[in-house]
Amino acid sequence: MECTVRWMGNDAGMSFVAESGSGHAVVMDGAPEAGGRNLGFRPMEMVLAGTGGCSAFDVVLILKKGRHAVSGCDVSLKAERAETDPKIFTSVHFHYRVKGRNLKPEAVARAIELSKDKYCSASIMIGKTAEITHDFEIIEEA
């Protein structure tokens, strides 16, 4: 895996463009009080978003492989950070909303646990410094 992060220069404040090895790009920026122009994700927001994407991907894949009728999945993450540098995540809570037909709570819980404990590299890595908690709700599709 490769990535290039390029500062956009003095005229851009603290804006950076990250380009992945797969050819996708995203803008990151800082808060105005840190010299940024608020034009994109903060770097730690990217870490949090990537962790949510990694886990949601796993949950959907696990449910699909189990032949469950999943039709939607979103996860809201709330993180707390240390107050001093390095301001690592100290806790992250995941709230999953899984939509489908006749989804069993046990199947959804198992998919989340498998993601948390075995498959999601990002959350397992963050779990080395942060307490990870989660809950979920099932939305029955009509």
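Trainee: Why is S115 called buried?

Mentor: S115 has a relative accessible area of 0%, and buried means under 20% (exposed is over 50%, partly exposed in between, with a 1.4 Å probe and protein chains only); therefore S115 counts as buried. The model is predicted, so local features need pLDDT of at least 70 and side-chain atom pairs count only at pLDDT 80 or more, while totals for chains, interfaces and linings use all residues. Residues are numbered from 1 along each chain as its sequence is written, and side-chain values use heavy atoms, leaving out hydrogens and water.

Trainee: Which residues is S115 in contact with, leaving aside its neighbours within four places in sequence?

Mentor: Contact means heavy atoms within 4.5 Å. Those residues are S55, D58, V59, I62, C120, S123 and I124. S115 itself lies in helix 2, a helix being a DSSP run (H or I, at least four residues; strands are E, at least two) numbered from the N terminus.

Trainee: What makes helix 1 oblique to helix 2?

Mentor: Helix 1 (residues 43–65) and helix 2 (residues 105–119) pack at about 130 degrees, with axes 9 Å apart. Angles under 35 degrees are roughly parallel, over 145 roughly antiparallel, 65 to 115 roughly perpendicular, and the rest oblique; the angle therefore makes helix 1 oblique to helix 2. Axes are lines fitted to C-alpha atoms, for helices over the stretch in contact, and angles run from 0 to 180 degrees between N-to-C directions.

Trainee: Which residues of helix 1 make the contact?

Mentor: They are S55, D58, V59, I62 and L63. On the helix 2 side, S115 is among the residues involved.
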